[in-house]
Structure formats: structure tokens, C-alpha cells
Amino acid sequence: METYADILTSIAPASGTTRTLLDPATGEPVGEAPVHTVEDLERAVAAAAAAQPAWAALGHAARSSALLRAADAVERSAEALAVLLSREQGKPLNGPNARFEVGACAAWLRATAATELAPETVVDDGETHAELHYRPIGTVGAIGPWNWPMMITVWQIAPALRMGNAVVVKPSEYTPLSVLALAGVINQELPEGLLSVVCGGRDVGARLAEHPAIGKIMFTGSTATGKAIIKSSAGTVKRLTLELGGNDAGIVLPDADPAAIAEDLFWGAFINTGQTCAALKRLYVHDDIYDAVCEALTKVATAMPMGVGLDENNLLGPLQNKAQFDIVSRLVDAARDSGARVLLGGNPQADQPGYFYPTTLVADIENSNPLVAEEQFGPALPIIRYSTVDEAVEMANALDVGLGASVWSSDPAQARAVAARIQAGTVWINKHGAVDPRIPFGGAKQSGYGLEFGVEGLKALGVPQVITG
């Protein structure tokens with residue numbers, strides 16, 4: 001079992017340029033991250049290309065066994081990884097946060113190893129026999145975000161490795177230490193060069209997206225960056241899986257029980273202090289129960305402790321960086337200035353260390369307000385009234401993004417009927433953001449394209465080949 005000190009030592013740069021990462025909750029140093037260059041990326045890509053053929057030749061069973069051993073290694077180092085994640089990203093150890101994220105890494109590795117993908121017979125009529133197979137792509141580039149740096153990296157690398165590919169990871173500049181540490185643990189069970197992490201800036205990311213030896217890019221992040229990756233990848237016709245910005249809507253139908261759904265609504269919106277792509281970011285509530293939902297949500301939110309992540313009592317942490325803090329502050333201030341009613345929060349303390357923004361609920365707000373129309377990506381939830389289901393669906397579908405959505409009702413059949421009308425890649429019933437390694441996940445409209453997880457996720461990391469005769 002590695003300790004936190006062991007983890008930091010294992011990822012400490014041996015030489016070269018470094019930069020100091022600071023804890024977003026305290027401002028204290030966390031560790032030194034390497035500043036890699038395009039030349040470092042070139043070496044990583046070359047090593048990946050050299051290691052990949054032998055890895056592909058092992059076959060699914062051997063590769064799956066390696067992923068299972070990697071899951072064991074993650075669990076052996078789980079607490080040290082969680083402490084590093086909490087300090088670098090800011091999320092608390094407890095609740096659906098740092099320990100949860102590290103546990104999800106192990107769970108996704110195991111689920112990916114266990115998912116079967118057999119050749120598919122598509123025609124067998126006595127004259128023609130056609131089979132569909134999925135072959136390795138080669139080397140995959142994985143570009144990840146800062147909000148769930150370990151878990152989303154595993155979402156990218158586990159299926160890529162399982163399908164016989166090598167992977168070069170470019171982590172967010174905000175959370176490179178977490179990704180370096182996770183990859184170091186996983187690499188205990190992988191051939192040298194097969195999985196590497198290159199911690200560079202935009203020049204490294206741009207080169208990865210255009211590199212002729214990279215056959216696919218997996219990216220989770222903003223829509224604007226996703227569009228840039230599409231352009232950069234066009235010259236080499238790369239395959240892409242893009243999970244981009246979301247502004248998920250939730251619709252509470254008039255038959256819902258406000259007290260029964262309040263805590264699930266809260267965590268749907270405020271998991272990871274609202275810093276989740278598929279979090280509930282705008283809540284539509286019918287007039288009949290609007291006040292009751294506002295009251296129930298406020299009661300739950302008031303009881304949720306926020307503070308430094310290493311304090312075992314806290315369930316909510318700071319925003320990860322000042323840029324995100326400023327976005328949330330701007331949107332909440334604009335909502336207040338427009339006449340919206342702040343039920344809770346909206347008053348960050350300027351004299352405290354860290355990027356803490358209080359849990360904020362905003363009622364009686366127009367659907368056109370920037371806090372509703374723009375993705376806040378933080379702990380501020382606008383609650384919008386509606387009178388008819390048609391009105392709610394129209395408002396939910398009005399934006400150019402569609403990652404996830406949810407419908408809340410005591411009548412599952414009615415909820416599913418409304419869900420079918422919402423333009424989003426996933427619509428949950430009486431929950432929000434509950435991803436599952438067995439269930440495909442991906443966005444609609446400008447929230448990206450391509451599927452992750454399950455059989456479809458494995459197929460997305462392979463090249464389809466039909467053999468017919």
C-alpha cells in the first residue's frame with residue numbers, strides 16, 4: 001500500500017521545468033508538476049507506437065486480466081490517491097467525492113475488462129457469411145478535464161487499452177498530479193511505453209490533436225475546445241469521441257413529492273460542488289409545487305457542510321480555480337441584479353482562503369437569464385417556474401447543448417413519456433447524473449458525439465472490419 005508521501009515521490013519530476021500546484025481550498029503547495037514540451041510528446045507517441053503491436057497481439061483475455069490487476073493496484077493505493085486528489089482538485093474525501101472517484105476508477109477498470117465484445121455475424125444465408133470485427137486503432141490520444149481528473153481519465157484509457165490500443169494522456173493543467181499518480185499506479189501492470197502522461201500546455205494539446213500517429217482523440221471538456229480539436233484533427237481524419245459542455249435541465253412534474261426528491265435533486269445539481277458536465281444545472285418546477293420544492297431543497301442544502309476537503313466532515317469543497325469562481329460569481333450577481341430571488345447563498349466571503357462559493361439557490365428567475373442560459377459549472381442552481389409540460393419541454397430544449405436531463409415524477413410511465421421529448425443524450429428518471437459503466441453515455445447537439453461505456457464504448461475504440469465470403 002502506497003502512502004501519500006510515496007505517491008508524491010513517485011511522480012516528482014527528475015529534471016526539467018516544473019511548476020507548483022496549489023490546493024484550491026487553502027492556497028498551500030501540493031506538489032511540483034513537470035512542464036512537458038512538444039518534444040516530450042513526440043517521444044511518448046513514439047514509445048506508444050512501439051509498444052502497441054505486442055499489446056494488441058495479446059488478445060482480449062490477456063488485456064482484460066491486466067486491467068483487473070490494474071484495478072487491484074488502484075485499490076491498494078486508494079487512500080493515497082484520494083488524498084492527492086482532494087488536495088489538488090479540492091473535492092472532499094467523503095461523500096460522492098475523492099474516495100468515491102478513486103473507487104470509480106477501479107470499478108470502471110473491472111467493468112471494462114468484463115464487457116464482452118464478440119465478432120458479430122451479420123449475414124449467414126447459406127451463400128454469404130459476413131462477420132463484423134473490431135480491430136485496434138493504434139495509438140489513442142486522451143485529453144481530460146480538471147473536474148473528475150482520475151475518473152474521466154479511466155473512462156478514456158480503460159476501453160482504449162482493452163481494445164488493444166496504446167494511449168497518450170494530456171491532463172488538464174489544473175490537475176496533472178492526480179493523473180500522473182493514477183497512471184503511475186496503473187502502469188505497474190502494463191508494458192513500458194503503452195500508457196504515458198504528457199503534462200503540457202495548449203501547444204502540446206494541439207500537436208496531439210493533429211499528430212499523424214494518433215488514430216483517435218477522446219476529449220472531455222468545453223464545446224469551444226472540442227470545436228478546435230475537430231479542426232485540428234481533420235487533416236488526418238481522426239476518429240473522435242467528444243463529451244463537451246452541458247447545461248442539463250431537470251423537469252419536476254406536478255405529481256412529484258418535494259420532500260421525497262429533494263436530496264436527490266440536491267446531489268444531482270451539487271455533486272462535486274456543481275463541477276460536473278452532466279450535473280443538473282437548471283431546474284424547471286410546476287407552479288403547483290414550486291414553493292414546496294424550493295423549501296425542501298433549501299432545507300437539504302443548508303445542512304450540507306462545505307470546507308477543506310481533508311476535513312472528514314465536509315461534503316462540498318471549493319471551486320477548483322479562480323476562473324471558475326469568477327464565472328459563478330458573475331452569473332449569480334447578474335441574476336440578483338435582474339430581480340431574481342436568492343433563497344440561499346450568493347455571498348462568498350472575500351477574506352477566507354480558497355475558492356469557496358457558498359451553495360446557492362436562485363428562485364423566480366427568467367429562463368433567458370444568463371444563470372439559466374449559460375453553463376455555470378458551480379454551486380448555483382436556478383429554479384424556474386412553468387405552467388404546462390409543453391412549456392417546460394420547450395424551455396429544456398431551447399439551448400444548443402444536450403448532454404443529460406432528468407424528469408421527476410411519482411408516475412414512471414408519465415415521466416418516460418416526457419423524457420422521450422427531451423433532446424439529450426441521456427434522460428434520467430427521478431435521479432440525475434447517475435452514470436453506469438454498462439450503459440452507453442454521450443451527448444446530443446453541441447454536447448458532442450460518440451458513445452462511452454459498455455459494448456458501444458468498446459466499439460468506439462476499435463476500427464470496424466467486415467470479413468465476408
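The model is predicted, so local features need pLDDT of at least 70 and side-chain atom pairs count only at pLDDT 80 or more, while totals for chains, interfaces and linings use all residues. Residues are numbered from 1 along each chain as its sequence is written, and side-chain values use heavy atoms, with hydrogens and water left out.

Aromatic pairs were searched for across the whole structure, and 10 were found. Rings of Phe, Tyr and Trp (its six-membered ring) pair if their centres lie within 6.5 Å; planes under 30 degrees apart count as stacked, over 60 as edge-to-face and the rest as tilted. Tryptophan 146 lies in the loop between strand E5 (139–143) and helix H6 (149–162). Tyrosine 174 lies in the loop between strand E6 (166–170) and helix H7 (176–186). The pair therefore ties together parts that are 28 residues apart in sequence. Helices (H or I, at least four residues) and strands (E, at least two) are DSSP runs, numbered from the N terminus. Tryptophan 146 is buried, at 14% relative accessible area, whereas tyrosine 174 is partly exposed, at 36%. Buried means under 20% relative accessible area, exposed over 50%, and partly exposed in between (1.4 Å probe, protein chains only).

Phenylalanine 266 and tryptophan 267 form another edge-to-face pair. Phenylalanine 266 is buried at 0% relative accessibility. Tryptophan 267 is buried at 18%. Trp108, Trp155, Phe441 and Phe453 form one aromatic cluster. A charge also sits over a ring: lysine 91 lies over the face of tryptophan 148, at 3.7 Å from the ring centre. This description applies if NZ of Lys or CZ of Arg is within 6 Å of the ring centre and within 35 degrees of the ring normal.

Helix packing was examined next. Two packed helices are described by the angle between their axes and the distance between the axes. Axes are lines fitted to C-alpha atoms, for helices over the stretch in contact, and angles run from 0 to 180 degrees between N-to-C directions. Helix H3 (residues 60–76) packs with H7 at an angle of about 125°, with the axes 8 Å apart. H3 is therefore oblique to H7. Angles under 35 degrees count as roughly parallel, over 145 as roughly antiparallel, 65 to 115 as roughly perpendicular and the rest as oblique. H3 passes H7 in a right-handed crossing. A crossing is left-handed if the near helix is turned anticlockwise from the far one by less than a right angle, and right-handed if clockwise. In H3, Ala70, Ala73 and Val74 meet Leu182, Val185 and Ile186 of H7. Contact means heavy atoms within 4.5 Å.

H7 also packs with H4, at an angle of about 165° and with the axes 9 Å apart. H4 is thus roughly antiparallel to H7. The crossing of these helices, H4 and H7, is left-handed. Leu81, Leu84, Leu85 and Glu88 represent H4 in this contact. They meet Pro176, Leu177, Ser178, Ala181, Leu182 and Val185 in H7. Serine 77 lies in the loop between H3 and helix H4 (78–89). Serine 77 is buried, with a relative accessible area of 3%. Leaving aside neighbours within four places in sequence, serine 77 is in contact with Glu2 and Val185.

Serine 196 is in strand E7 (residues 195–197) and is buried at 18% relative accessible area. Not counting residues up to four places away in sequence, serine 196 touches Ala44, Val167, Val168 and Val169. Glutamine 414 is in helix H15 (residues 412–419) and is partly exposed at 32% relative accessibility. Its contacts, leaving aside neighbours within four places in sequence, are Leu253, Asp255 and Ser409.

Positive phi values occur in residues other than glycine. Threonine 273 has a phi of about 55°. Threonine 273 lies in the loop between helix H10 (258–270) and strand E11 (280–286), and is buried at 3% relative accessible area. Aspartate 364 has a phi near 50°. Aspartate 364 lies in the loop between strand E13 (360–363) and helix H13 (370–373), and is partly exposed at 33%.
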